[in-house]
Amino acid sequence: MADYGLALAGGGTRGAVHVGVLTALEENGLLPTQVAGASAGSIVAGLYASGMDIGKMRDTVRWLAAHGENYIDPNIIGVILFLPQVLLHRKTSLMGLIKGNRLSDFLCDLTEGIEIQDCKKGLLIPAVDINSGNTVVFTNLFQEKVPMSALREENVRWQKNGLLCDIMMASSSVPAVFCPRQINGFMLVDGGVTNNLPVDLLISTGVSNVIAVDIGEAYEMPKDHSIMEISFHSFSIMSRELKDCRSSGEILLLKPPIPKGSGLLTFEFMEECMESGYLYTKKMMPRIKHILEKIK
């Protein structure tokens, strides 16, 4: 089997597409040795690197499709206090519409509370420190030799310690929607703010062959003008523009079709997203095998 890395993009509950991609790769004996992911991609990457069976990942998608809304904990007090604080010219305390603690606890249960350095596969997850503006990259790939150029990359801070579930939650905390997460002295928000498809970061650690999975889609207007829809669509536009202006260097870019109507917290579309990723990757398998044969 070829030694390669897989980079997974963010995109809310559309990240279930990545589980379908991994399912098809497993069926063909082509699972990656290293994996990177931002935002929703960090959750799938983290679960895979932790050693979770692909079948269990599929079961988790089905569970979330039916019960995912139970893991959304609205920041009720913060929302109630926000308007009076603004009107009275007082310091506002609202950091996000959703606290994220229930989802974080769920991720900790799934990963059994392991540290990132204890993962069974090479893993890289970016988040963004809102205090400094730096990208904070959590990885266990420093157990291997990493080029000094990676350590000197501008506006990037490398971290090799941290609870895996905390890191996954931090990288998935869409600004204004989820509250930021505090890890190792950083105040962290979604990794997609600076790098929604972290191919370049994975390459900078010495992983020379990377297949990328982009779950962006042709832009569609918001289904309504709620703060959630506006935030997510603004974030999606920014991520698309960042990807367009960044030369990533992947050996192959996979772009599975995204079910119409799926978005940030549309749990009901997760099974459909997973199946779409699976069918697309099966269709692309001859090309994937050809590319990986060339790098053996």
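Predicted model: local features only at pLDDT ≥ 70, side-chain atom pairs only at ≥ 80, totals over all residues.
Helix H1 passes helix H2 in a right-handed crossing.

H1 spans residues 16-27, and its axis comes within 8 Å of the axis of H2, with a crossing angle of roughly 40°. Angles under 35 degrees count as roughly parallel and those of 65 to 115 as roughly perpendicular; H1 and H2 are therefore oblique to each other. On the H1 side, the contact is formed by His18, Val19 and Leu22, which meet Gly41, Val44 and Tyr48 of H2. By class, the residues of this contact comprise 4 nonpolar and 2 polar ones, with no charged residue.

H2 covers residues 40-49 and is mostly covered, with 10 of its 10 residues buried. Glycine 51 follows H2 and has a positive phi, near 105°.

At the level of the whole protein chain, the secondary structure amounts to 10 helices and 11 strands. The chain has 296 residues, of which 56% are buried. Among contacts between residues at least 6 apart in sequence, 74% join residues at least 24 apart.

Notes: Residues numbered from 1 in each chain as written. Heavy atoms only, no water. Buried < 20%, exposed > 50% of the residue type's maximum accessible area, 1.4 Å probe, protein only. Helix = DSSP H or I, 4+ residues; strand = E, 2+ residues; numbered from the N terminus. Contact = heavy atoms within 4.5 Å. Axes fitted to C-alpha atoms, helices over the stretch in contact; angles between N-to-C directions. Parallel < 35°, antiparallel > 145°, perpendicular 65-115°, else oblique. Left-handed = near helix turned anticlockwise from the far one by under 90°. Nonpolar A, V, L, I, M, F, W, Y, C, P; charged D, E, K, R; others polar.
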